[in-house]
Protein chains: 4
Amino acid sequence: MAIRVVLLGQGLVATHFAVGVERIKKGELEPYGVPFAKYKMVYDIKDIEIVGSYDVDEEKVGKTVYEVAVKSVGDILPVPETLKNITVRRGIHLGSMEGLPFRVKGLEDELGSTKAAIERLVEEWKQLQPDVIIEVATTEPAKAFHDVKALEEAIERDDRKRLSASHAYAYAAYLYAKETGRPVVFVNVIPSPLARDDAIVKLFEEAGSLVLGDDGATGATPLTADLLEHLAERNRYVLSIAQFNIGGNTDFLALTVPERNKMKEETKSSIVKDILGYDAPHFIKPTGYLEPLGDKKFVSMHIWWKTFNALEDELVVNLRINDSPALAGLLVDLTRIGKALVERGEKGTAYPVNAFFMKDPGPRGARNMSRIRAYYQLLDYLREKGVIKA
Amino acid sequence: MAIRVVLLGQGLVATHFAVGVERIKKGELEPYGVPFAKYKMVYDIKDIEIVGSYDVDEEKVGKTVYEVAVKSVGDILPVPETLKNITVRRGIHLGSMEGLPFRVKGLEDELGSTKAAIERLVEEWKQLQPDVIIEVATTEPAKAFHDVKALEEAIERDDRKRLSASHAYAYAAYLYAKETGRPVVFVNVIPSPLARDDAIVKLFEEAGSLVLGDDGATGATPLTADLLEHLAERNRYVLSIAQFNIGGNTDFLALTVPERNKMKEETKSSIVKDILGYDAPHFIKPTGYLEPLGDKKFVSMHIWWKTFNALEDELVVNLRINDSPALAGLLVDLTRIGKALVERGEKGTAYPVNAFFMKDPGPRGARNMSRIRAYYQLLDYLREKGVIKA
Amino acid sequence: MAIRVVLLGQGLVATHFAVGVERIKKGELEPYGVPFAKYKMVYDIKDIEIVGSYDVDEEKVGKTVYEVAVKSVGDILPVPETLKNITVRRGIHLGSMEGLPFRVKGLEDELGSTKAAIERLVEEWKQLQPDVIIEVATTEPAKAFHDVKALEEAIERDDRKRLSASHAYAYAAYLYAKETGRPVVFVNVIPSPLARDDAIVKLFEEAGSLVLGDDGATGATPLTADLLEHLAERNRYVLSIAQFNIGGNTDFLALTVPERNKMKEETKSSIVKDILGYDAPHFIKPTGYLEPLGDKKFVSMHIWWKTFNALEDELVVNLRINDSPALAGLLVDLTRIGKALVERGEKGTAYPVNAFFMKDPGPRGARNMSRIRAYYQLLDYLREKGVIKA
Amino acid sequence: MAIRVVLLGQGLVATHFAVGVERIKKGELEPYGVPFAKYKMVYDIKDIEIVGSYDVDEEKVGKTVYEVAVKSVGDILPVPETLKNITVRRGIHLGSMEGLPFRVKGLEDELGSTKAAIERLVEEWKQLQPDVIIEVATTEPAKAFHDVKALEEAIERDDRKRLSASHAYAYAAYLYAKETGRPVVFVNVIPSPLARDDAIVKLFEEAGSLVLGDDGATGATPLTADLLEHLAERNRYVLSIAQFNIGGNTDFLALTVPERNKMKEETKSSIVKDILGYDAPHFIKPTGYLEPLGDKKFVSMHIWWKTFNALEDELVVNLRINDSPALAGLLVDLTRIGKALVERGEKGTAYPVNAFFMKDPGPRGARNMSRIRAYYQLLDYLREKGVIKA
Ligand SMILES: NC(=O)c1ccc[n+]([C@@H]2O[C@H](COP(=O)([O-])OP(=O)(O)OC[C@H]3O[C@@H](n4cnc5c(N)ncnc54)[C@H](O)[C@@H]3O)[C@@H](O)[C@H]2O)c1
Ligand SMILES: NC(=O)c1ccc[n+]([C@@H]2O[C@H](COP(=O)([O-])OP(=O)(O)OC[C@H]3O[C@@H](n4cnc5c(N)ncnc54)[C@H](O)[C@@H]3O)[C@@H](O)[C@H]2O)c1
Ligand SMILES: NC(=O)c1ccc[n+]([C@@H]2O[C@H](COP(=O)([O-])OP(=O)(O)OC[C@H]3O[C@@H](n4cnc5c(N)ncnc54)[C@H](O)[C@@H]3O)[C@@H](O)[C@H]2O)c1
Ligand SMILES: NC(=O)c1ccc[n+]([C@@H]2O[C@H](COP(=O)([O-])OP(=O)(O)OC[C@H]3O[C@@H](n4cnc5c(N)ncnc54)[C@H](O)[C@@H]3O)[C@@H](O)[C@H]2O)c1
Ligand SMILES: [Mg+2]
Ligand SMILES: [Mg+2]
Ligand SMILES: [Mg+2]
Ligand SMILES: [Mg+2]
C-alpha cells in the first residue's frame with residue numbers, strides 16, 4: 001500500500017529525502033533522524049514512493065532527480081539508480097527566486113497566467129495521483145489571506161505580487177482533491193503561512209484534506225525550545241538569549257535577502273514567550289552566508305539566567321549540524337502520519353502534528369510549546385487515532 | 001503552619017538554602033531556581049523554618065549558621081540576621097571526611113559508639129521536632145544494606161567501616177518518627193543509597209514516613225538527560241558523549257578522592273542507557289579540582305550522532321554555573337512537597353518526586369527518565385494528591 | 001612630570017580609563033590590562049592627569065566626570081572622588097550621533113559654524129594645555145581626505161556632510177600644536193581614518209606632533225589575528241572564518257546603524273589576508289545588540305582548516321569579555337608611549353605603535369600583522385627610542 | 001640528494017607521515033600542516049625517503065607499511081603502493097607497551113639481552129644507512145640519566161626497569177654514528193627525556209650528531225602557549241586554566257595508564273609559568289579515552305583573567321582536531337631541518353628547533369616560550385645557518 005509523494009522544490013532537502021528513502025528501501029541505511037521510526041506505524045517507510053518533482057531552476061527542470069542528486073550530494077552520498085525514474089517538472093515561480101543568482105522560469109511564464117499554471121498542475125496530478133504533496137521550495141515572502149474569496153480573486157486577477165508560489169501550490173492541491181475526491185495531504189515545511197492561513201485550512205477541510213505546517217522545526221530552534229523548557233521547569237529567570245546561524249547552502253544564500261530573513265526571524269522568536277511565559281530579550285535569526293560551510297551549518301547560542309539566590313549562570317551551545325538531512329528525516333514521518341490521518345478522517349489541519357514538527361504550528365494563533373512536551377502529546381494522539389500501534 | 005527543618009552538613013548547599021529561604025521570607029529575593037514556585041502549593045516557601053543544623057567540622061560546630069554563612073558566602077550575598085538563631089550542632093562522622101584537609105570530630109567519637117550517637121540525635125530531635133531532615137553532607141563512600149537486620153546489626157556492633165553517616169542519620173530519623181509517632185521526611189540529596197536501599201525504605205514505610213533520594217539532580221546531569229531525550233525523540237544515533245566537570249568548592253575537592261568520585265560516576269552514567277535505550281559510549285565524571293573556580297563550576301560536553309542519511313552532527317555545550325544554589329533551590333520544593341505528601345499518607349519513598357529531583361531516583365531498580373518527562377509526570381501526581389492546587 | 005590628557009567622548013571607554021587611572025594612582029588597583037605595565041617606562045601610569053573631557057550628549061555636558069561615572073559604572077566599580085574636578089565640556093557633533101536615541105548638541109550648532117567651533121576648542125586647549133588628546137567618541141561614518149587643501153576647504157565652507165567630528169577634532173589639535181609650539185599626541189581609537197589619512201599625518205608632521213590610530217585593537221580582532229598567525233605558522237589551510245559579536249552597550253547600539261557597522265567590518269576583515277597571505281572566506285562583523293549583555297559582550301568564532309594529509313580540524317572560541325575596559329587599558333600605554341615618543345622627536349604617525357594597538361594601523365596602506373609579532377617589534381622600537389628602559 | 005629515514009613505532013603518527021610524504025611526492029597532496037613548506041629549504045619534501053620501520057606489536061612486525069596503513073587509515077586516506085617496499089622490523093620493547101592490550105615481543109626477548117638487541121640494530125642500520133631516525137613509539141615511563149656512565153652501565157647489566165626503549169634506541173643511534181662516522185639525527189617526539197638528558201646530548205655531540213626533542217608540540221599545548229602569550233602581552237592576570245583532552249586512539253588508551261599520563265602532565269604544565277611569569281592555577285592533562293572519537297580528539301579549555309579595572313573576562317576554546325596528522329606534518333620539517341643542520345656542523349641538540357617543535361624542549365633546563373615567538377626565532381636561526389634560503 002504505497003504512499004505516492006510529489007515534491008515541490010528539488011533542492012537539498014528534497015534530494016536528501018529522495019536519496020534517503022530509496023536507500024532505506026534498499027536496506028542499506030538505518031532510519032536515523034526519522035523520529036517515530038522505532039514505533040510500529042500503519043505505514044512503513046518502505047511504502048513511500050516518490051512519483052513527481054517540481055522546480056523552476058532551469059538547471060534542474062527536465063533533469064532526472066538522479067542527475068540533480070549526483071550533482072548536489074554525490075560527493076557525500078551514494079545516489080540510488082531508482083531516482084532515474086523521476087524527472088523534474090516545471091513548477092509555478094511567482095517570484096520566489098527573485099534576487100537570487102539562478103536562471104528560473106515558472107509555468108505561469110510559459111502559460112501566460114497563474115490560473116493556467118494551477119490548472120496545468122491539477123491535470124498533471126490527476127495523472128500522478130499523489131497522496132502527499134510536500135512544499136519544500138526556497139523561502140519566499142508570503143502573507144496569509146485568511147479569506148477564501150480574497151485568495152481566489154488574487155488568482156483570478158493574476159496578482160503576482162500578492163500571491164506566493166506556496167499559496168498557488170496549496171490551492172492547486174485543494175482543487176485536485178476536490179475534483180478527484182481523493183483526499184490529499186499538503187505538507188508545508190517552509191515559512192509561508194499555509195496551515196496558519198484560515199483560507200487554506202478552510203479549503204482543505206472542505207476537500208476532506210489536510211494541510212500540515214508551517215516551517216519544519218529542525219536545527220537550533222527546537223533545541224532552543226527544549227533548553228528553555230528545561231530552564232522554565234526550574235524557574236530560572238532568563239536574562240537574554242543570543243543565537244547565531246551561519247551556513248553555506250543556497251537556503252542561507254536566500255536568507256541574505258532581507259524580506260526572506262524576516263520570514264524566518266518571526267518564526268524563531270515566537271518560541272521564547274510561548275515557553276518561558278515572558279518575552280526574555282533575544283536575538284535569534286539566520287545570521288550569515290559563508291559558502292565553504294556548505295550544508296553543515298555552524299550555530300552558536302548564549303543563554304544566561306538567574307538561579308537561586310539571584311546568582312547568574314551561563315550556557316553556551318555550539319553546533320555543527322547538517323541542515324537539510326534533518327528536515328528530510330522529518331518529512332519521512334510527516335508523509336506517513338499525514339497519509340494515515342487523512343484516511344482516518346482528519347481534515348483541515350492537525351495541531352498535535354504541527355506542534356512537534358513545525359516552527360510555526362498551524363492553525364492561526366496556535367501556541368508553540370517545547371518539543372519534548374509536543375512529542376509526548378503527539379504520541380498519545382497518534383495512538384488514539386490508531387496511527388501508531390500498541 | 002510551619003515546616004520545621006533540620007540540616008545535616010552545614011556546607012555550601014545548606015548555607016545557600018538557609019540564606020535564600022530567609023531572604024525570600026523577608027521579601028528581598030524572587031524564588032528563582034525553585035521549580036514549582038509558580039504553582040500554588042499547600043505549603044508556601046514562607047512556611048519553611050530551619051530549626052537545627054549539624055556538622056562535624058570543628059570550624060563550624062558551635063558557630064551560628066550566620067557566622068558560617070558570612071564566612072562562606074558573605075562576599076557574594078547579604079546574610080540575614082535571623083540565621084543567628086541557629087547554632088551548628090555536632091553530627092555523626094563515621095569517616096565521611098576521611099582524607100580531606102579538615103579537622104573533624106563526630107558524636108560517636110565523643111560518646112564512644114555509633115549507637116549512642118544515634119540515640120543522642122533522636123533525643124535532640126524530640127526537642128527540635130523536625131518535619132523534614134535534609135542530608136546534604138560531604139559525599140561519602142556508602143553501600144546499601146537492603147536488609148533491615150543487617151543494618152541494625154552493623155549499628156549494634158559499631159561497624160564503622162560498613163556504616164555510612166547517611167545510613168546512621170536515616171536510621172535516627174526512623175527511630176525519631178517511630179518513637180514520637182510524628183512522621184518525618186528524610187531528603188537525601190547526596191549519592192549514598194538510601195531511597196534505593198530496601199532496608200531504609202521499609203523502615204520509613206513502617207514509621208509512616210518518607211525518604212526521598214538519592215543525589216540531587218542539578219548541573220550537567222539533568223541537562224544531559226534532556227539533551228539525550230531531545231536526540232532520542234528524533235531517532236538520532238548517539239556515537240559518544242564526553243562530559244567534563246571542574247570546580248573549586250570543597251565538594252569538588254572531596255571528589256578528587258577516588259572512592260568518592262566513583263559514587264558520582266555511577267550515578268551520572270545510568271541516564272545514558274535509560275533514556276537512549278542503548279549504552280552509547282560515554283565519559284561522564286567529575287573531572288578535576290581547580291580552586292579559583294570556586295562554587296561556579298565549568299562544564300564542557302561533547303555529543304555527536306548520526307542524523308538522516310547517516311551523516312554526522314556535533315554538539316558542544318559549555319556551562320559556567322553556580323553549583324550549590326542549584327541544589328538549594330530544589331531543596332525548597334523537596335521540603336514543601338515532602339511535608340505535604342507525608343501528611344497525605346504517602347510513605348516509604350515517592351518515585352515521581354525522585355524521578356525529577358534526583359540523579360539516582362529510588363526505589364532500588366527505578367529507571368531514570370528525561371527531566372522534562374519527569375516534570376510533567378510529577379505535576380500530574382502533585383495535582384492528583386492535592387499538593388498543588390488547580 | 002605629568003602627562004596632561006583631554007578626552008573626546010565621555011562614554012564607557014573614557015570613563016573606565018578615568019576611573020582606572022585614578023584608582024591606580026590611589027594604589028587600590030593593579031594595572032591589569034595595561035600591556036607594558038611590567039616594563040620600566042619613562043612615564044609612569046601615575047603621571048597621567050586628565051585635564052579635560054568633551055561630549056555632545058546633553059545628559060553629560062555640564063556634569064562632572066564623577067557624575068557620569070557613577071551613572072554608567074557605579075554599580076560595578078568604586079568611583080574616585082578626584083573625578084569631581086573635571087567637568088564635561090561641549091564638543092563638536094557634526095552628525096556623529098545621528099539616528100541614535102540621544103539628545104545632542106554640538107559647539108558648531110551653538111556657535112554657527114564648524115570653523116568657529118574649532119577655534120573655540122583651540123582656545124580652550126590653550127588653557128588646558130593637553131599633551132595627549134584621545135578621540136574615543138561614538139563610531140561615525142567618516143572618509144579620509146588625503147589632501148590638506150580639500151580638508152581645509154571642507155572646514156571653510158562648513159561642509160557638515162563631508163566632515164567628520166574626528167577630522168574636526170584632529171584639525172583643532174594640529175592648530176593648537178602649531179600655534180603654541182607645544183607638540184601634541186592625538187590618539188584615535190575609533191574607526192575614522194586619521195592616522196590613515198595622508199592629510200592629517202602631513203599636518204601633524206608639520207606641527208612636530210603625532211597622530212596614532214586607527215581603531216583600538218581589543219576584543220576578538222587581535223585574538224583572531226594571533227590565532228590566524230598560529231595556523232599560518234603551521235601552514236594549515238584555513239577553509240573559513242565566522243565571527244559573531246553581540247553586546248548591549250551603546251557602542252553596539254550605534255553599530256546597528258548600517259553605515260557605522262560598515263566602518264567596523266572593513267577594519268576587521270583586513271587582518272585575514274594580511275596574516276594568512278590569502279583571502280580565506282570569512283564573515284566577521286558586529287552582529288547584534290542585546291541590551292542585557294551590557295558592556296560584557298559575547299563573541300563566538302568558528303575556524304576550520306586542512307591539516308596534514310588534507311584532513312579537517314575545527315576550532316570554536318567563545319568569549320564573554322568586558323568591552324570598554326580592554327580599550328581603556330590600552331589607552332594608558334598609548335598615552336605614556338605617545339608622550340615619550342613625541343618628546344623624542346617622533347612625528348607624523350608611528351607605525352610600530354599602531355601595528356600593535358590598532359585594528360587599522362596607519363599610515364595609509366600599512367599592513368596588519370599578528371599582534372604577537374607586532375608586540376615584539378614594538379618592544380624593540382621602544383627600547384631603541386629609549387621609551388622603555390633596559 | 002635523498003634523506004634516508006627510519007621510523008621507530010609504526011603507529012598512527014608514523015603511518016600518517018609515511019602516507020603523507022608519499023602522496024606529496026606523487027603530487028597528489030598539498031603540504032598543509034608542514035610549517036615551513038612555504039619557504040625554500042635546502043632539502044625538499046620530495047627528498048625524504050623512508051628506508052626502515054620498527055615496531056614490537058606482533059600484528060605489525062613482518063607486515064609491510066602498506067598493510068599497516070591500509071588497516072589503520074585506509075578508510076580515510078588513499079594508501080600509496082610505494083609503501084609496499086618497507087617491511088616493519090622488530091624493535092626493542094623494554095616494557096614500553098606493558099599493561100596495554102597488545103601482543104608484543106622485543107628484540108631483547110629474542111636475543112636474550114638489551115645489549116645484543118642494540119648491537120643488532122646498529123648492524124641493521126649500517127645496511128639501511130639512515131640520516132634521520134624518528135622515535136614515535138608509544139609513550140613510556142622514562143627517566144633521564146644525565147650521566148653517560150650510568151646509562152652505559154644500565155645497558156651493560158641489562159637493567160630493564162631503569163632503561164627505557166627510547167634510551168636504548170638513542171644509544172644505538174649514537175653507536176651507529178660513531179662507528180660509521182656518518183652523523184645521524186635522532187628526532188624524539190615522545191615524552192621520554194632524551195634531548196633533555198645530558199648523557200644523550202653529550203654522546204650525540206661526541207658523534208657529531210644531533211638529538212632533537214622532546215615530545216612533539218601539537219594539539220592544545222602550543223595553542224595554549226600562544227593564547228597565554230596573547231594574554232601576557234596585555235598584562236591580563238590569569239585566574240585559572242582548565243584544559244580537557246579526550247580521544248579514542250591508542251595513544252589516549254595508553255595514557256589511561258597513570259604512569260604514562262604523568263609523563264604528559266608535567267610536560268603540559270611547564271608552559272604556564274614559563275610564559276606568564278607566574279604559576280597560574282591550572283588543570284592540564286589528557287583526561288580520558290573514548291573509543292568512537294578515534295584519532296580526532298575533543299579538547300575543551302577554559303581560561304579567565306582580570307582585565308583593566310580588575311573586571312573578569314572568560315574564554316572557552318573547543319577543538320575537534322586530528323591528533324596524529326598534526327605531528328606527522330611536523331616530522332616532515334624536523335627531518336629536513338635536522339639533516340641540513342647536522343651537515344652544517346650542528347651537534348648535541350638545537351634549542352631553537354626544539355623550542356618551536358617540542359613541548360619539552362631540550363637541553364635540560366631550557367625554557368618554554370610561546371610558539372609564535374619561537375617560530376620567528378627559529379626562522380632567523382634557519383636563515384643564518386643557511387637552511388632556509390632568502
Ligand atoms: N533544515 C532545513 O534545511 C530546513 C528547515 C526548515 C525549513 N527549511 C526550508 O526548506 C526549504 C528548502 O530548503 P533547501 O535546503 O532544500 O533549499 P534549496 O535552496 O537547496 O532548494 C530549494 C529548491 O526550491 C526550488 N524552488 C524555488 N522556488 C520554487 C518554486 N516556486 N517552485 C518550485 N521550486 C522552487 C529551487 O530552485 C531549489 O531547487 C527552504 O525554504 C528552507 O527554508 C529547511
Ligand atoms: N549542586 C550541588 O551542589 C550538588 C548536587 C548534588 C549533590 N550534591 C551533594 O551535596 C553535598 C553537599 O554539597 P556542598 O557543596 O554543600 O558541600 P560542602 O563541602 O560545602 O559541604 C558539606 C558539609 O558537610 C559537612 N559534613 C561532612 N561530613 C559530615 C557528617 N558526617 N555529618 C555532618 N556534616 C558533615 C562538611 O563539614 C561540610 O560542612 C555533597 O555531598 C554534594 O555531592 C551537591
Ligand atoms: N573595546 C572597545 O570598547 C572599543 C574598541 C575599539 C574601538 N572602540 C570605539 O571607542 C568608541 C567609544 O566606545 P564606548 O564604548 O566608550 O562608546 P560609548 O557609546 O559608551 O561612548 C561614546 C561617547 O561619545 C560621545 N560622543 C558621540 N559623538 C561625539 C562627538 N562628536 N564629540 C564628543 N563626544 C561624542 C557619546 O555621547 C558618548 O558619551 C567607539 O567609537 C567605539 O567603537 C571601542
Ligand atoms: N599529535 C600526536 O599524535 C602526538 C603529539 C606528541 C607526541 N605524540 C606521541 O607520539 C607517539 C606515537 O603516537 P601514535 O598516535 O602514533 O601512537 P600509536 O599508539 O598509534 O603508535 C605507537 C606505535 O608504537 C609501537 N611501539 C610501542 N612500543 C614500541 C617500541 N618499544 N619500539 C617500537 N615500537 C613500539 C606500538 O606498537 C604502536 O604501533 C606517542 O608516544 C605519542 O604520545 C603524539
Ligand atoms: Mg536547508
Ligand atoms: Mg555543591
Ligand atoms: Mg566599547
Ligand atoms: Mg597521536
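**Close-up 1. Ligand 4 meets the backbone of chain D.** In this predicted model, a polar backbone atom of D:D323 sits 2.8 Å from a nitrogen atom of ligand 4. Backbone atoms also approach the ligand's oxygen atoms: D:V13 brings a polar backbone atom to 2.8 Å from an oxygen atom of ligand 4, and a backbone N or O atom of D:T138 is found 3.3 Å from an oxygen atom of ligand 4. On its own, ligand 4 has 840 Å² of accessible area, and the protein covers 97% of this.

**Close-up 2. The shell around ligand 4.** Which elements of chain D give two or more residues to this shell? They are α1 (12-25), β2 (48-55), α6 (165-180), α9 (250-255) and α11 (323-343). The top contributor is α11(D), with 3 residues. Altogether 32 residues surround ligand 4, and the closest are D:D55, D:I92, D:A137, D:Y169 and D:T250. Sorted by class, the shell around ligand 4 holds 13 nonpolar, 11 polar and 8 charged residues.

Close-up 3. The side chain of C:D55 places a polar atom 2.6 Å from an oxygen atom of ligand 3. In the side chain of C:T218, an N or O atom is 2.8 Å from a nitrogen atom of ligand 3. For C:D323, a backbone N or O atom lies 2.8 Å from a nitrogen atom of the ligand. Ligand 3 would expose 840 Å² if taken alone, and the protein buries 97% of that.

**Close-up 4. Ligand 2 held in chain B.** From B:A137, a backbone N or O atom lies 2.7 Å from an oxygen atom of ligand 2. B:T138 has a polar backbone atom 3.4 Å from an oxygen atom of ligand 2, while B:D251 uses its side chain, with an N or O atom 3.0 Å from an oxygen atom of the ligand. Of the 830 Å² that ligand 2 exposes when taken alone, the protein buries 97%.

**Close-up 5. The shell around ligand 2.** Ligand 2 is surrounded by 32 residues, the closest being B:D55, B:I92, B:A137, B:Y169 and B:T250. At least two shell residues are supplied by each of α1 (12-25), β2 (48-55), α6 (165-180), α9 (250-255) and α11 (323-343) of chain B. Among the contributors, α11(B) gives the most, with 3 residues. The shell around ligand 2 contains 13 nonpolar, 11 polar and 8 charged residues.

**Close-up 6. Chains A and B around their axis.** How is chain A superposed on chain B? A rotation of 180 degrees does it, with 0.0 Å of shift along its axis and an RMSD of 0.0 Å. The two copies are therefore related as by a two-fold rotation axis.

Note on methods. Residues are numbered from 1 along each chain as its sequence is written. Chains are lettered from A and ligands numbered from 1 in the order in which they are written. This is a predicted model: local features need pLDDT of at least 70, side-chain atom pairs count only at pLDDT 80 or more; totals for chains, interfaces and linings use all residues. Side-chain values use heavy atoms; hydrogens and water are left out. A residue is near a molecule or strand if one of its heavy atoms lies within 4 Å of it. A polar contact is a pair of N or O atoms within 3.5 Å; within protein, one must be able to donate a hydrogen and the other to accept it, and residues adjacent in sequence count only if both atoms are side-chain atoms. Accessible areas come from the Shrake-Rupley method with a 1.4 Å probe; for residues, only the protein chains shown count as cover. Helices (H or I, at least four residues) and strands (E, at least two) are DSSP runs, numbered from the N terminus. Ala, Val, Leu, Ile, Met, Phe, Trp, Tyr, Cys and Pro count as nonpolar, Asp, Glu, Lys and Arg as charged, and the others, Gly among them, as polar. Copies are superposed by least squares on the C-alpha atoms of residues with pLDDT of at least 70 in both.
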